[in-house]
Amino acid sequence: MDILRRNTDYGFRMMGNLAKHFNDGQLLSARQLTSSGNFSYQLGCKLLQKLEKAKLVKSTMGPKGGFSLNRQPSQITIMDIIKVFQNGVRLNSCLLDGPGCEFQTECAISAKLFKLQQYINDYLEGITLAEVLVSKEKGGVEHG
């Protein structure tokens, strides 16, 4: 099982492409955003609608229109993007918001899983799109 879903990965790719062009003000069409991503134009349009509804991207209509980020890449976290497509990342269903499972009070592992879950959430909320671009330009991902 993948922790990050396929559509989330596609969303990352489109957001990364938009972030690369943020400072030059270039608008990218849905076709441009999907052509290099190895997924269909139709799916890309649906994903862009979700990103726009979440106010992460904005669209401009017209012959010279397209999509752009709605705010600075330094103000968009990886978790912001994940939440658009899958409401966060969960290691186990017992860690979902709510009452938890019936064995939670007796479970020897739930406390450790909760700490790991919190670490993952904090980590993903602490990585911005701008940081991802910088580490990509340097040739790798920095781990902190």
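The chain contains six helices and two strands, where helices (H or I, at least four residues) and strands (E, at least two) are DSSP runs numbered from the N terminus. The model is predicted: local features need pLDDT of at least 70 and side-chain atom pairs count only at pLDDT 80 or more, whereas totals for chains, interfaces and linings use all residues. Residues are numbered from 1 along each chain as its sequence is written, and side-chain values use heavy atoms, with hydrogens and water left out. Read from the N terminus, the order of elements is α-α-α-β-β-α-α-α.

Of the 144 residues of the chain, 36% count as buried; buried denotes a relative accessible area under 20%, exposed one over 50%, and partly exposed a value in between (1.4 Å probe, protein chains only). The accessible surface of the chain amounts to about 9,500 Å², and carbon and sulfur atoms supply 53% of this area.

Helix α1 covers residues 6–20, and its 15 residues should span 21 Å at 1.5 Å a residue; the end C-alpha atoms are 22 Å apart, which agrees. The expected span is 1.5 Å times one less than the number of residues in the helix. Within α1, the buried residues include T8, Y10, G11, M14, M15, G16, N17, L18 and A19.

N121 counts as buried because its relative accessibility is 13%. When residues up to four places away in sequence are not counted, N121 touches M79, V89 and R90.

K55, in the loop between α3 (41–53) and β1 (57–60), has a positive phi near 65°. With a relative accessible area of 56%, K55 is classed as exposed. N87 is found in the loop between α4 (78–86) and α5, and the phi of N87 is likewise positive, near 55°. The relative accessible area of N87 is 67%, and N87 is therefore exposed.

Definitions and conventions: Contact means heavy atoms within 4.5 Å. Accessible areas come from the Shrake-Rupley method with a 1.4 Å probe; for residues, only the protein chains shown count as cover.
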